[in-house]
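This report covers a metal site, ring contacts and a ligand site in one protein model. The structure comes first, then the description.

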Amino acid sequence: MGVRWEFDVVFTLFLLLGLNILWLAQVCEGGFTSTYVRNGQLSRDMPLDSDVFRVPPGYNAPQQVHITQGDHVGKGVIVSWVTPDEPGSSTVLYWSEKSQLKNSAEGIVLTYKYFNYTSGYIHHCSIYDLEFDTKYYYEVGIGNSTRKFWFRTPPSVGPDVPYTFGLIGDLGQTHDSNRTLTHYELNPVKGQALLFVGDLSYADAYPFHDNTRWDTWGRFVERNAAYQPWIWTAGNHEVDFLPDIGEGKPFKPYKNRYHVPYRASKSTSPLWYSIKRASAYIIVLSSYSAYGIYTPQYKWLEKELLKVNRSETPWLIVIMHCPLYSSYVHHYMEGESMRVMYEQWFVKYKVDVVFAGHVHAYERSERISNIGYNIVNGICTPISDESAPVYITIGDGGNLEGLVTEMTEPQPSYSAYREASFGHGIFEIKNRSHAFYSWHRNQDGYAVEADSTWLHNRYWNPSPEQSSIAIL
Ligand SMILES: *[C@@H]1O[C@H](CO)[C@@H](O)[C@H](O)[C@H]1NC(C)=O
Ligand SMILES: *[C@@H]1O[C@H](CO)[C@@H](O)[C@H](O)[C@H]1NC(C)=O
Ligand SMILES: *[C@@H]1O[C@H](CO)[C@@H](O)[C@H](O)[C@H]1NC(C)=O
Ligand SMILES: *[C@@H]1O[C@H](CO)[C@@H](O)[C@H](O)[C@H]1NC(C)=O
Ligand SMILES: *[C@@H]1O[C@H](CO)[C@@H](O)[C@H](O)[C@H]1NC(C)=O
Ligand SMILES: [Fe+2]
(Lines give C-alpha, C1' and ligand atoms only; values in the text may rest on other atoms or scores of the structure.)
(Ligands and ions follow the chains in the order given, each with its own letter.)
Protein backbone atom coordinates (compact mmCIF):
# COMPACT_ATOMS: atom_id res chain seq x y z
CA MET A 1 0.00 0.00 0.00
CA GLY A 2 0.92 3.42 0.65
CA VAL A 3 4.36 3.43 1.56
CA ARG A 4 6.11 1.11 -0.72
CA TRP A 5 5.92 3.96 -3.21
CA GLU A 6 7.07 6.40 -0.64
CA PHE A 7 10.15 4.43 0.29
CA ASP A 8 10.93 3.92 -3.37
CA VAL A 9 10.50 7.54 -4.22
CA VAL A 10 12.36 8.89 -1.25
CA PHE A 11 15.15 6.38 -1.56
CA THR A 12 15.64 7.02 -5.26
CA LEU A 13 15.63 10.75 -4.77
CA PHE A 14 18.11 10.32 -1.98
CA LEU A 15 20.47 8.37 -4.19
CA LEU A 16 20.13 10.69 -7.13
CA LEU A 17 20.01 14.08 -5.56
CA GLY A 18 21.11 13.83 -1.98
CA LEU A 19 19.79 14.97 1.31
CA ASN A 20 18.33 18.30 0.21
CA ILE A 21 15.69 16.56 -1.78
CA LEU A 22 14.94 14.16 1.04
CA TRP A 23 14.21 17.17 3.17
CA LEU A 24 11.97 18.61 0.44
CA ALA A 25 10.10 15.33 0.20
CA GLN A 26 9.26 15.66 3.85
CA VAL A 27 7.78 19.09 3.24
CA CYS A 28 5.21 17.54 0.91
CA GLU A 29 3.69 15.51 3.69
CA GLY A 30 0.07 14.65 4.24
CA GLY A 31 -2.64 15.39 6.74
CA PHE A 32 -2.76 15.94 10.44
CA THR A 33 -0.90 13.93 13.07
CA SER A 34 -2.45 14.80 16.40
CA THR A 35 -0.05 15.96 19.08
CA TYR A 36 -2.42 14.80 21.82
CA VAL A 37 -0.30 12.99 24.41
CA ARG A 38 -1.80 10.34 26.59
CA ASN A 39 -0.45 7.83 29.02
CA GLY A 40 0.78 4.95 26.87
CA GLN A 41 0.89 2.26 29.57
CA LEU A 42 -0.45 -1.17 28.81
CA SER A 43 -3.87 -1.70 30.25
CA ARG A 44 -4.53 -4.97 32.08
CA ASP A 45 -7.64 -7.06 31.72
CA MET A 46 -10.21 -6.33 34.39
CA PRO A 47 -9.93 -8.96 37.16
CA LEU A 48 -12.33 -11.90 37.11
CA ASP A 49 -14.20 -10.55 40.15
CA SER A 50 -14.93 -7.17 38.48
CA ASP A 51 -18.46 -5.79 38.56
CA VAL A 52 -18.75 -5.99 34.77
CA PHE A 53 -18.20 -9.75 34.84
CA ARG A 54 -20.74 -10.50 37.56
CA VAL A 55 -22.89 -13.58 36.94
CA PRO A 56 -26.58 -12.69 37.08
CA PRO A 57 -28.30 -14.13 40.18
CA GLY A 58 -30.66 -17.10 40.12
CA TYR A 59 -30.55 -20.75 39.14
CA ASN A 60 -29.41 -21.19 35.53
CA ALA A 61 -29.86 -17.45 34.88
CA PRO A 62 -29.18 -16.46 31.24
CA GLN A 63 -25.95 -14.52 30.81
CA GLN A 64 -23.95 -12.99 27.95
CA VAL A 65 -27.18 -11.92 26.26
CA HIS A 66 -26.58 -10.27 22.88
CA ILE A 67 -28.52 -9.53 19.73
CA THR A 68 -27.65 -9.04 16.09
CA GLN A 69 -29.63 -8.49 12.91
CA GLY A 70 -31.34 -11.74 11.94
CA ASP A 71 -32.38 -11.25 8.32
CA HIS A 72 -31.40 -9.13 5.33
CA VAL A 73 -33.61 -6.08 5.89
CA GLY A 74 -33.88 -5.55 9.65
CA LYS A 75 -37.19 -7.28 10.48
CA GLY A 76 -35.32 -10.15 12.10
CA VAL A 77 -33.19 -10.42 15.22
CA ILE A 78 -30.97 -13.23 16.48
CA VAL A 79 -31.02 -13.41 20.28
CA SER A 80 -28.13 -15.33 21.87
CA TRP A 81 -27.35 -16.17 25.49
CA VAL A 82 -25.67 -18.73 27.70
CA THR A 83 -27.10 -20.78 30.55
CA PRO A 84 -24.55 -22.23 32.96
CA ASP A 85 -26.20 -25.10 34.85
CA GLU A 86 -28.43 -27.00 32.44
CA PRO A 87 -29.67 -26.39 28.90
CA GLY A 88 -32.95 -24.94 30.09
CA SER A 89 -35.27 -23.32 27.60
CA SER A 90 -34.24 -21.97 24.18
CA THR A 91 -37.47 -20.03 23.86
CA VAL A 92 -37.62 -16.26 23.47
CA LEU A 93 -40.86 -14.52 24.46
CA TYR A 94 -41.25 -11.13 22.78
CA TRP A 95 -43.88 -8.47 22.38
CA SER A 96 -44.06 -4.98 20.92
CA GLU A 97 -44.63 -2.05 23.25
CA LYS A 98 -47.94 -1.54 21.48
CA SER A 99 -49.26 -4.95 22.51
CA GLN A 100 -49.50 -7.14 25.60
CA LEU A 101 -49.69 -10.36 23.63
CA LYS A 102 -46.48 -12.34 24.01
CA ASN A 103 -45.14 -14.16 20.95
CA SER A 104 -42.74 -16.99 21.26
CA ALA A 105 -39.87 -18.21 19.10
CA GLU A 106 -37.92 -21.42 19.52
CA GLY A 107 -34.14 -21.42 19.25
CA ILE A 108 -31.37 -23.96 19.39
CA VAL A 109 -28.84 -24.84 22.08
CA LEU A 110 -25.27 -26.00 21.58
CA THR A 111 -22.08 -26.53 23.52
CA TYR A 112 -18.49 -26.83 22.40
CA LYS A 113 -15.19 -27.90 23.92
CA TYR A 114 -11.87 -26.12 23.49
CA PHE A 115 -8.93 -28.14 24.81
CA ASN A 116 -9.98 -28.71 28.46
CA TYR A 117 -12.67 -26.01 28.51
CA THR A 118 -16.34 -26.91 28.10
CA SER A 119 -18.73 -24.10 27.26
CA GLY A 120 -22.03 -23.40 28.96
CA TYR A 121 -25.25 -23.98 27.03
CA ILE A 122 -25.20 -21.46 24.20
CA HIS A 123 -28.63 -20.54 22.84
CA HIS A 124 -29.41 -18.86 19.53
CA CYS A 125 -32.97 -17.92 18.64
CA SER A 126 -34.02 -16.14 15.44
CA ILE A 127 -37.10 -13.96 15.50
CA TYR A 128 -38.54 -12.98 12.11
CA ASP A 129 -41.17 -10.66 10.66
CA LEU A 130 -41.07 -7.97 13.28
CA GLU A 131 -42.59 -4.56 12.60
CA PHE A 132 -40.12 -1.91 11.50
CA ASP A 133 -39.28 0.99 13.80
CA THR A 134 -40.87 -0.59 16.85
CA LYS A 135 -39.72 -1.18 20.38
CA TYR A 136 -39.89 -4.82 21.46
CA TYR A 137 -39.42 -6.36 24.86
CA TYR A 138 -38.02 -9.87 25.08
CA GLU A 139 -37.46 -12.51 27.75
CA VAL A 140 -34.97 -15.37 27.91
CA GLY A 141 -34.43 -18.07 30.50
CA ILE A 142 -38.08 -19.07 30.53
CA GLY A 143 -38.73 -21.42 33.44
CA ASN A 144 -35.82 -20.47 35.69
CA SER A 145 -34.50 -16.96 36.37
CA THR A 146 -36.19 -15.25 33.44
CA ARG A 147 -34.50 -12.03 32.34
CA LYS A 148 -36.12 -9.24 30.32
CA PHE A 149 -34.49 -6.85 27.80
CA TRP A 150 -35.62 -4.70 24.90
CA PHE A 151 -34.52 -3.50 21.45
CA ARG A 152 -35.84 -1.26 18.73
CA THR A 153 -36.12 -2.47 15.14
CA PRO A 154 -34.75 -0.14 12.44
CA PRO A 155 -37.04 1.83 10.15
CA SER A 156 -37.97 0.23 6.85
CA VAL A 157 -35.14 0.23 4.30
CA GLY A 158 -35.19 3.40 2.19
CA PRO A 159 -33.01 6.17 0.87
CA ASP A 160 -33.89 8.98 3.27
CA VAL A 161 -33.98 7.11 6.56
CA PRO A 162 -31.66 8.72 9.10
CA TYR A 163 -29.77 6.16 11.12
CA THR A 164 -26.81 6.23 13.50
CA PHE A 165 -24.19 3.50 13.69
CA GLY A 166 -21.58 3.20 16.41
CA LEU A 167 -18.13 1.87 15.62
CA ILE A 168 -15.89 -0.09 17.95
CA GLY A 169 -12.97 -2.38 17.20
CA ASP A 170 -10.40 -4.49 19.03
CA LEU A 171 -12.25 -4.03 22.29
CA GLY A 172 -10.92 -6.69 24.66
CA GLN A 173 -11.76 -6.48 28.36
CA THR A 174 -9.43 -4.02 30.07
CA HIS A 175 -10.28 -0.92 32.05
CA ASP A 176 -9.76 1.00 28.80
CA SER A 177 -12.27 -1.29 27.08
CA ASN A 178 -14.75 -0.41 29.79
CA ARG A 179 -14.07 3.30 29.22
CA THR A 180 -14.63 2.91 25.48
CA LEU A 181 -17.95 1.17 26.02
CA THR A 182 -19.02 3.74 28.62
CA HIS A 183 -18.15 6.62 26.29
CA TYR A 184 -20.13 4.99 23.51
CA GLU A 185 -23.12 4.57 25.81
CA LEU A 186 -22.94 8.11 27.19
CA ASN A 187 -22.23 9.86 23.90
CA PRO A 188 -25.18 12.27 23.50
CA VAL A 189 -25.40 11.13 19.87
CA LYS A 190 -26.93 7.72 20.40
CA GLY A 191 -25.76 4.85 18.25
CA GLN A 192 -28.71 2.63 17.24
CA ALA A 193 -26.65 -0.36 16.10
CA LEU A 194 -22.96 -1.09 16.48
CA LEU A 195 -20.60 -2.05 13.69
CA PHE A 196 -17.94 -4.14 15.42
CA VAL A 197 -14.82 -4.42 13.27
CA GLY A 198 -13.33 -7.56 14.86
CA ASP A 199 -11.13 -8.75 17.74
CA LEU A 200 -13.65 -9.29 20.50
CA SER A 201 -12.45 -10.90 23.73
CA TYR A 202 -8.68 -11.46 23.38
CA ALA A 203 -9.22 -14.72 25.27
CA ASP A 204 -6.37 -16.05 23.13
CA ALA A 205 -3.93 -14.03 25.24
CA TYR A 206 -4.38 -16.62 28.00
CA PRO A 207 -2.74 -20.06 28.26
CA PHE A 208 -4.59 -22.53 26.04
CA HIS A 209 -6.78 -19.61 24.93
CA ASP A 210 -8.69 -19.99 28.17
CA ASN A 211 -12.25 -19.65 26.92
CA THR A 212 -13.56 -18.48 30.29
CA ARG A 213 -12.36 -15.08 29.00
CA TRP A 214 -14.88 -15.44 26.16
CA ASP A 215 -17.54 -15.80 28.86
CA THR A 216 -16.36 -12.78 30.82
CA TRP A 217 -16.35 -10.73 27.62
CA GLY A 218 -19.90 -11.80 26.85
CA ARG A 219 -21.00 -10.67 30.29
CA PHE A 220 -19.09 -7.40 29.95
CA VAL A 221 -20.72 -6.25 26.69
CA GLU A 222 -24.21 -7.51 27.56
CA ARG A 223 -25.15 -4.12 28.99
CA ASN A 224 -25.09 -2.75 25.44
CA ALA A 225 -25.25 -5.77 23.12
CA ALA A 226 -28.51 -7.06 24.65
CA TYR A 227 -30.26 -3.80 23.69
CA GLN A 228 -28.90 -2.96 20.26
CA PRO A 229 -27.59 -5.24 17.54
CA TRP A 230 -23.86 -5.60 17.24
CA ILE A 231 -22.89 -6.40 13.66
CA TRP A 232 -19.99 -8.83 13.93
CA THR A 233 -16.75 -9.04 11.95
CA ALA A 234 -14.11 -11.68 12.67
CA GLY A 235 -10.56 -10.55 13.45
CA ASN A 236 -7.31 -12.43 13.94
CA HIS A 237 -8.10 -12.91 17.64
CA GLU A 238 -11.15 -14.94 16.60
CA VAL A 239 -9.07 -17.51 14.67
CA ASP A 240 -8.13 -19.56 17.79
CA PHE A 241 -6.07 -21.99 15.73
CA LEU A 242 -3.95 -24.16 18.06
CA PRO A 243 -3.34 -27.53 16.38
CA ASP A 244 -0.66 -28.41 18.94
CA ILE A 245 -3.37 -28.90 21.54
CA GLY A 246 -5.82 -30.41 19.07
CA GLU A 247 -7.65 -27.20 18.15
CA GLY A 248 -7.18 -27.14 14.40
CA LYS A 249 -10.58 -25.82 13.41
CA PRO A 250 -10.30 -22.04 12.94
CA PHE A 251 -12.86 -19.65 14.47
CA LYS A 252 -14.36 -22.33 16.73
CA PRO A 253 -15.31 -20.25 19.81
CA TYR A 254 -16.38 -17.28 17.64
CA LYS A 255 -18.60 -19.32 15.33
CA ASN A 256 -20.27 -21.09 18.23
CA ARG A 257 -20.96 -17.93 20.19
CA TYR A 258 -21.72 -15.29 17.55
CA HIS A 259 -24.28 -16.25 14.94
CA VAL A 260 -24.94 -13.91 12.02
CA PRO A 261 -27.56 -13.96 9.22
CA TYR A 262 -25.15 -14.95 6.46
CA ARG A 263 -27.56 -17.18 4.57
CA ALA A 264 -29.87 -14.19 4.02
CA SER A 265 -27.23 -12.73 1.70
CA LYS A 266 -26.51 -16.06 -0.03
CA SER A 267 -23.16 -16.34 1.67
CA THR A 268 -21.80 -19.78 2.45
CA SER A 269 -19.87 -18.64 5.53
CA PRO A 270 -20.69 -16.61 8.64
CA LEU A 271 -17.36 -14.85 8.14
CA TRP A 272 -18.63 -12.75 5.20
CA TYR A 273 -22.18 -11.51 4.65
CA SER A 274 -24.27 -8.41 4.13
CA ILE A 275 -27.26 -6.66 5.65
CA LYS A 276 -29.40 -3.68 4.78
CA ARG A 277 -30.32 -1.43 7.65
CA ALA A 278 -32.31 1.80 7.12
CA SER A 279 -30.45 3.66 4.33
CA ALA A 280 -27.24 1.63 4.56
CA TYR A 281 -26.00 -1.49 2.81
CA ILE A 282 -23.33 -3.09 4.95
CA ILE A 283 -20.87 -5.65 3.63
CA VAL A 284 -18.82 -7.59 6.18
CA LEU A 285 -15.62 -9.21 4.92
CA SER A 286 -13.13 -11.64 6.45
CA SER A 287 -9.48 -10.64 6.40
CA TYR A 288 -8.53 -14.15 7.61
CA SER A 289 -10.36 -16.25 5.05
CA ALA A 290 -9.23 -16.79 1.49
CA TYR A 291 -10.13 -13.78 -0.69
CA GLY A 292 -8.14 -14.41 -3.87
CA ILE A 293 -9.71 -14.94 -7.27
CA TYR A 294 -11.99 -18.06 -7.45
CA THR A 295 -12.34 -18.29 -3.65
CA PRO A 296 -15.84 -18.41 -2.14
CA GLN A 297 -15.44 -14.98 -0.56
CA TYR A 298 -14.27 -13.42 -3.84
CA LYS A 299 -17.09 -14.94 -5.84
CA TRP A 300 -19.66 -13.89 -3.27
CA LEU A 301 -18.41 -10.29 -3.14
CA GLU A 302 -18.28 -10.02 -6.91
CA LYS A 303 -22.01 -10.86 -7.10
CA GLU A 304 -22.92 -9.00 -3.95
CA LEU A 305 -21.70 -5.61 -5.15
CA LEU A 306 -23.96 -5.89 -8.19
CA LYS A 307 -26.99 -6.29 -5.91
CA VAL A 308 -26.60 -2.97 -4.14
CA ASN A 309 -29.30 -0.53 -5.32
CA ARG A 310 -28.15 2.94 -4.37
CA SER A 311 -31.62 4.36 -4.98
CA GLU A 312 -32.77 2.20 -2.11
CA THR A 313 -29.65 2.20 0.12
CA PRO A 314 -27.52 5.21 -0.86
CA TRP A 315 -24.87 4.41 1.75
CA LEU A 316 -22.53 1.51 0.98
CA ILE A 317 -20.33 0.60 3.95
CA VAL A 318 -17.69 -2.14 4.01
CA ILE A 319 -16.32 -3.46 7.29
CA MET A 320 -13.37 -5.79 7.74
CA HIS A 321 -10.72 -6.34 10.35
CA CYS A 322 -7.41 -5.56 8.65
CA PRO A 323 -7.19 -2.06 7.14
CA LEU A 324 -6.27 -1.58 3.47
CA TYR A 325 -4.64 1.78 4.23
CA SER A 326 -2.80 2.44 7.48
CA SER A 327 0.28 4.57 8.03
CA TYR A 328 1.19 3.07 11.40
CA VAL A 329 4.34 0.94 11.60
CA HIS A 330 2.64 -1.94 13.41
CA HIS A 331 0.82 -4.32 11.01
CA TYR A 332 2.19 -2.19 8.19
CA MET A 333 0.87 -3.35 4.79
CA GLU A 334 -0.83 -6.47 6.17
CA GLY A 335 -3.93 -5.47 4.20
CA GLU A 336 -2.01 -5.00 0.97
CA SER A 337 -2.98 -8.28 -0.70
CA MET A 338 -6.68 -7.72 -0.03
CA ARG A 339 -6.30 -4.14 -1.31
CA VAL A 340 -4.85 -5.52 -4.54
CA MET A 341 -7.85 -7.83 -4.91
CA TYR A 342 -10.76 -5.61 -3.87
CA GLU A 343 -9.83 -1.93 -4.06
CA GLN A 344 -10.74 -1.69 -7.73
CA TRP A 345 -14.26 -2.89 -6.88
CA PHE A 346 -14.57 -0.44 -3.99
CA VAL A 347 -13.76 2.39 -6.43
CA LYS A 348 -15.92 1.03 -9.24
CA TYR A 349 -18.95 0.68 -6.97
CA LYS A 350 -18.20 3.89 -5.09
CA VAL A 351 -18.13 2.41 -1.60
CA ASP A 352 -18.67 5.33 0.77
CA VAL A 353 -16.52 4.23 3.63
CA VAL A 354 -14.44 1.22 4.70
CA PHE A 355 -14.10 0.67 8.44
CA ALA A 356 -11.40 -1.59 9.83
CA GLY A 357 -9.62 -2.31 13.11
CA HIS A 358 -6.51 -4.39 13.85
CA VAL A 359 -4.14 -1.41 14.24
CA HIS A 360 -4.65 -0.25 17.83
CA ALA A 361 -4.94 3.41 17.05
CA TYR A 362 -7.12 5.77 15.05
CA GLU A 363 -6.73 6.99 11.46
CA ARG A 364 -8.93 8.52 8.76
CA SER A 365 -7.88 8.73 5.12
CA GLU A 366 -8.70 11.11 2.30
CA ARG A 367 -10.64 9.69 -0.66
CA ILE A 368 -7.76 8.00 -2.45
CA SER A 369 -7.08 5.00 -4.63
CA ASN A 370 -4.06 3.11 -5.82
CA ILE A 371 -5.47 0.97 -8.59
CA GLY A 372 -3.28 2.05 -11.50
CA TYR A 373 -0.27 0.05 -10.35
CA ASN A 374 0.52 -3.21 -12.15
CA ILE A 375 4.08 -3.86 -10.87
CA VAL A 376 5.76 -2.87 -14.12
CA ASN A 377 4.29 0.54 -14.90
CA GLY A 378 5.59 2.41 -11.87
CA ILE A 379 2.20 4.03 -11.15
CA CYS A 380 2.36 3.17 -7.48
CA THR A 381 1.33 6.35 -5.74
CA PRO A 382 -2.13 6.60 -4.18
CA ILE A 383 -3.95 9.46 -5.84
CA SER A 384 -6.86 11.61 -4.84
CA ASP A 385 -9.97 9.88 -6.19
CA GLU A 386 -13.55 11.09 -5.63
CA SER A 387 -14.89 7.63 -6.49
CA ALA A 388 -12.85 5.99 -3.75
CA PRO A 389 -13.97 5.24 -0.21
CA VAL A 390 -12.78 6.98 2.92
CA TYR A 391 -10.77 4.44 4.94
CA ILE A 392 -11.13 4.59 8.71
CA THR A 393 -9.11 2.55 11.19
CA ILE A 394 -10.94 2.27 14.48
CA GLY A 395 -8.96 -0.52 16.19
CA ASP A 396 -8.66 1.62 19.31
CA GLY A 397 -11.20 -0.10 21.57
CA GLY A 398 -8.66 -0.60 24.37
CA ASN A 399 -7.52 -4.23 24.59
CA LEU A 400 -4.64 -5.60 26.68
CA GLU A 401 -2.07 -5.23 23.91
CA GLY A 402 -2.16 -1.46 24.36
CA LEU A 403 -1.84 1.29 21.76
CA VAL A 404 0.52 1.36 18.82
CA THR A 405 2.19 4.72 18.64
CA GLU A 406 4.90 4.39 16.00
CA MET A 407 3.87 6.03 12.74
CA THR A 408 5.53 6.08 9.33
CA GLU A 409 7.06 9.48 8.63
CA PRO A 410 6.37 11.73 6.94
CA GLN A 411 2.62 11.29 7.17
CA PRO A 412 1.54 10.06 3.74
CA SER A 413 -0.69 12.40 1.77
CA TYR A 414 -3.54 9.86 1.88
CA SER A 415 -3.72 10.11 5.68
CA ALA A 416 -6.03 12.90 6.81
CA TYR A 417 -5.89 12.41 10.58
CA ARG A 418 -4.10 9.95 12.85
CA GLU A 419 -3.78 9.62 16.59
CA ALA A 420 -2.87 6.82 18.99
CA SER A 421 -5.66 7.11 21.56
CA PHE A 422 -8.49 4.82 22.58
CA GLY A 423 -11.99 5.74 21.49
CA HIS A 424 -15.03 4.95 19.33
CA GLY A 425 -16.67 6.30 16.19
CA ILE A 426 -20.17 7.44 15.25
CA PHE A 427 -21.53 7.36 11.69
CA GLU A 428 -24.65 9.45 11.53
CA ILE A 429 -26.62 9.17 8.30
CA LYS A 430 -28.76 12.30 7.93
CA ASN A 431 -30.38 11.63 4.57
CA ARG A 432 -29.45 10.31 1.14
CA SER A 433 -26.86 12.98 0.52
CA HIS A 434 -25.21 13.68 3.87
CA ALA A 435 -23.65 11.69 6.68
CA PHE A 436 -21.63 13.00 9.57
CA TYR A 437 -18.77 10.96 10.96
CA SER A 438 -17.04 11.64 14.27
CA TRP A 439 -14.38 10.04 16.45
CA HIS A 440 -14.50 10.26 20.24
CA ARG A 441 -11.42 9.87 22.38
CA ASN A 442 -11.87 8.27 25.82
CA GLN A 443 -10.05 11.07 27.65
CA ASP A 444 -12.53 13.73 26.52
CA GLY A 445 -16.01 14.63 27.67
CA TYR A 446 -18.73 12.45 26.18
CA ALA A 447 -19.84 15.05 23.63
CA VAL A 448 -16.38 15.99 22.31
CA GLU A 449 -15.59 15.18 18.68
CA ALA A 450 -11.83 14.77 18.47
CA ASP A 451 -12.05 14.26 14.69
CA SER A 452 -15.01 14.66 12.39
CA THR A 453 -15.97 15.07 8.77
CA TRP A 454 -19.04 15.26 6.55
CA LEU A 455 -19.39 12.54 3.97
CA HIS A 456 -21.17 13.57 0.81
CA ASN A 457 -22.91 10.78 -0.98
CA ARG A 458 -21.59 10.74 -4.51
CA TYR A 459 -24.82 9.48 -6.02
CA TRP A 460 -27.05 12.07 -4.47
CA ASN A 461 -24.78 15.03 -3.92
CA PRO A 462 -22.62 15.51 -7.00
CA SER A 463 -19.82 17.92 -6.16
CA PRO A 464 -17.68 20.09 -8.46
CA GLU A 465 -14.74 17.77 -7.72
CA GLN A 466 -16.79 14.86 -8.87
CA SER A 467 -17.56 16.46 -12.22
CA SER A 468 -13.91 17.19 -12.75
CA ILE A 469 -13.03 13.60 -11.90
CA ALA A 470 -15.67 12.45 -14.35
CA ILE A 471 -13.93 14.46 -17.08
CA LEU A 472 -10.59 12.92 -16.15
C1 LIG B 1 -17.03 -0.17 34.12
O2 LIG B 1 -17.77 0.96 33.74
C3 LIG B 1 -19.04 1.03 34.38
C4 LIG B 1 -19.80 2.19 33.77
O5 LIG B 1 -19.02 3.33 33.72
C6 LIG B 1 -18.82 1.16 35.87
O7 LIG B 1 -20.07 1.19 36.52
C8 LIG B 1 -18.02 -0.01 36.36
O9 LIG B 1 -17.75 0.14 37.74
C10 LIG B 1 -16.72 -0.15 35.61
N11 LIG B 1 -16.05 -1.35 36.00
C12 LIG B 1 -14.72 -1.48 36.06
C13 LIG B 1 -14.19 -2.77 36.53
O14 LIG B 1 -13.96 -0.58 35.72
C1 LIG C 1 -6.61 -26.83 31.62
O2 LIG C 1 -5.26 -27.22 31.56
C3 LIG C 1 -4.35 -26.28 32.11
C4 LIG C 1 -2.94 -26.79 31.86
O5 LIG C 1 -2.79 -28.10 32.27
C6 LIG C 1 -4.65 -26.06 33.57
O7 LIG C 1 -3.79 -25.07 34.10
C8 LIG C 1 -6.09 -25.62 33.73
O9 LIG C 1 -6.42 -25.49 35.11
C10 LIG C 1 -7.03 -26.61 33.07
N11 LIG C 1 -8.39 -26.10 33.11
C12 LIG C 1 -9.42 -26.86 33.35
C13 LIG C 1 -10.77 -26.22 33.29
O14 LIG C 1 -9.31 -28.04 33.60
C1 LIG D 1 -36.38 -24.73 36.85
O2 LIG D 1 -37.52 -24.79 36.01
C3 LIG D 1 -38.15 -26.07 35.96
C4 LIG D 1 -39.24 -26.02 34.89
O5 LIG D 1 -40.07 -24.88 35.06
C6 LIG D 1 -38.70 -26.41 37.36
O7 LIG D 1 -39.30 -27.70 37.32
C8 LIG D 1 -37.55 -26.39 38.34
O9 LIG D 1 -38.05 -26.58 39.63
C10 LIG D 1 -36.79 -25.06 38.29
N11 LIG D 1 -35.62 -25.16 39.12
C12 LIG D 1 -35.31 -24.21 40.01
C13 LIG D 1 -34.09 -24.50 40.86
O14 LIG D 1 -35.92 -23.18 40.14
C1 LIG E 1 -33.95 0.30 -6.69
O2 LIG E 1 -34.63 0.87 -5.62
C3 LIG E 1 -35.65 1.78 -6.02
C4 LIG E 1 -36.15 2.48 -4.76
O5 LIG E 1 -36.55 1.54 -3.80
C6 LIG E 1 -36.74 1.02 -6.75
O7 LIG E 1 -37.75 1.91 -7.18
C8 LIG E 1 -36.11 0.34 -7.97
O9 LIG E 1 -37.06 -0.47 -8.59
C10 LIG E 1 -34.93 -0.52 -7.54
N11 LIG E 1 -34.24 -1.00 -8.71
C12 LIG E 1 -34.03 -2.27 -8.93
C13 LIG E 1 -33.27 -2.61 -10.17
O14 LIG E 1 -34.40 -3.14 -8.15
C1 LIG F 1 -29.55 16.43 4.08
O2 LIG F 1 -28.89 16.70 5.33
C3 LIG F 1 -28.04 17.82 5.26
C4 LIG F 1 -27.32 17.88 6.59
O5 LIG F 1 -28.20 17.85 7.66
C6 LIG F 1 -28.84 19.07 4.98
O7 LIG F 1 -27.97 20.20 4.90
C8 LIG F 1 -29.54 18.89 3.64
O9 LIG F 1 -30.36 20.00 3.38
C10 LIG F 1 -30.37 17.63 3.67
N11 LIG F 1 -30.91 17.37 2.34
C12 LIG F 1 -32.20 17.15 2.13
C13 LIG F 1 -32.60 16.93 0.73
O14 LIG F 1 -32.99 17.11 3.07
FE1 LIG G 1 -6.37 -7.62 15.14
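## Iron site

The site of the iron ion (ligand 6) is irregular, with angles of 86 to 173° among its 4 donor atoms. The protein donors are Asp-199 (OD), Asn-236 (OD1), His-321 (NE2) and His-358 (ND1), at 2.1 to 2.3 Å from the ion. Donors are N, O and S atoms within 2.8 Å of the metal (3.2 Å for Na, K and Ca), and water is not among the atoms, so sites may look incomplete.

The donor residues follow the spacing D-x36-N-x84-H-x36-H in sequence. Asp-199 is in the loop between strand 13 and helix 4 (212-225), and His-358 is in the loop between strand 18 and strand 19 (362-365), so this pair ties together parts 159 residues apart in sequence. Helices (H or I, at least four residues) and strands (E, at least two) are DSSP runs numbered from the N terminus. Asp-199 and His-358 are both buried (under 20% relative accessible area; exposed is over 50%, partly exposed in between; 1.4 Å probe, protein chains only).

## Basis of the model

This is a predicted model, in which local features need pLDDT of at least 70 and side-chain atom pairs count only at pLDDT 80 or more, while totals for chains, interfaces and linings use all residues. Residues are numbered from 1 along each chain as its sequence is written, chains are lettered from A and ligands numbered from 1 in the order in which they are written, and side-chain values use heavy atoms, with hydrogens and water left out.

## Aromatic pairs

Rings of Phe, Tyr and Trp (its six-membered ring) pair if their centres lie within 6.5 Å; planes under 30 degrees apart count as stacked, over 60 as edge-to-face and the rest as tilted. By this rule there are 35 aromatic pairs. Phe-196 and Trp-232 have ring centres 5.6 Å apart and planes at 55°, so the pair is tilted. Both Phe-196 and Trp-232 are buried.

Phe-355 and Tyr-437 also form a tilted pair, 6.1 Å centre to centre with 40° between the planes. Phe-355 lies in strand 18 (residues 353-356) and Tyr-437 in strand 25 (residues 434-441), 82 residues apart.

## Ligand 1

Residues around ligand 1 include Met-46, His-175 and Asn-178 (a heavy atom within 4 Å). An oxygen atom of ligand 1 lies 2.3 Å from a side-chain N or O atom of Asn-178.

Technical notes:
Four donors count as tetrahedral if all angles lie between 85 and 135 degrees; four count as square planar and six as octahedral if opposite donors are over 155 degrees apart and all others between 65 and 115; anything else is irregular. A polar contact is a pair of N or O atoms within 3.5 Å; within protein, one must be able to donate a hydrogen and the other to accept it, and residues adjacent in sequence count only if both atoms are side-chain atoms.
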